[in-house]
Amino acid sequence: MPSSNEMSCRDLVELVTDYLEAALPAPDRLRFEEHLAQCPPCQAYLDQMRQTVGALGRLPRDTISDDAKRGLLEVFRDWKKRPTT
Ligand SMILES: [Zn+2]
């Protein structure tokens with residue numbers, strides 16, 4: 001990572017509920033969207049969250065377990081090991 005200003009997938013997962021609630025301050029929102037633009041797994045995660053919100057009619061803030069987050073981050077790790085062809 002060239003810059004400490006860059007958001008990691010872990011940060012994005014932590015912030016996704018705030019993002020969907022439009023509760024992120026503008027600078028964070030910008031970094032969130034910059035990361036998203038170049039990270040397909042996070043795009044998929046955001047899509048999944050949006051669908052969940054659509055299904056529940058609210059943000060599943062209390063239902064995202066730490067286990068689920070850990071599993072997700074493993075998916076990200078595997079994804080990034082793949083050659084980008
Ligand atoms: Zn990411």
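## An aromatic pair

Across the whole structure, a search turns up 1 aromatic pair. The partners are Y19 and F32, whose rings are stacked, with 4.0 Å from centre to centre and 10 degrees between the planes. Y19 belongs to helix α1 (residues 9-20) and F32 to helix α2 (residues 26-37), so this pair ties together parts that are 13 residues apart in sequence. Both Y19 and F32 are buried.

Please keep in mind as you explore that this is a predicted model.

## How confident is the prediction?

For the protein, the mean pLDDT is 81, and 73% of the residues reach 70 or more. Confidence is highest in helix α2, at a mean of 95, and lowest in helix α4 (residues 66-81), at 69.

## The zinc site

Which residues hold the protein donors of the zinc ion? They are C9, C39 and C42, each through its SG atom, and H35 through NE2. These donor atoms lie 1.9 to 2.3 Å from the zinc ion. The angles that the 4 donor atoms subtend around the zinc ion run from 108 to 113 degrees, and therefore the arrangement is tetrahedral.

H35 has a relative accessible area of 10%, so it counts as buried. C42, another zinc donor, is buried too. Setting aside neighbours within four places in sequence, H35 is in contact with M7, S8, C9, L12 and C42. Among these contacts, C9 and C42 are also donors of the zinc ion.

Now for the charged side chains. Side chains of opposite charge can pair when their charged atoms come close. The whole structure contains 2 salt bridges, according to the search.

Another salt bridge links the side chains of E33 and R29, at 3.8 Å from N to O. E33 and R29 likewise lie in helix α2, here 4 residues apart, again about one turn of the helix. E33 has a relative accessible area of 33%, so it counts as partly exposed. R29, at 29%, is partly exposed as well.

Notes
Residues numbered from 1 in each chain as written. Predicted model: local features only at pLDDT ≥ 70, side-chain atom pairs only at ≥ 80, totals over all residues. Heavy atoms only, no water. Phe/Tyr/Trp six-rings, centres within 6.5 Å; stacked < 30°, edge-to-face > 60°. Helix = DSSP H or I, 4+ residues; strand = E, 2+ residues; numbered from the N terminus. Buried < 20%, exposed > 50% of the residue type's maximum accessible area, 1.4 Å probe, protein only. Donors = N, O, S within 2.8 Å, 3.2 Å for Na, K, Ca; no water. Tetrahedral: all angles 85-135°; square planar, octahedral: opposite > 155°, others 65-115°. Contact = heavy atoms within 4.5 Å. pLDDT = per-residue confidence, 0-100. Salt bridge = Lys/Arg side-chain N within 4 Å of Asp/Glu carboxyl O.
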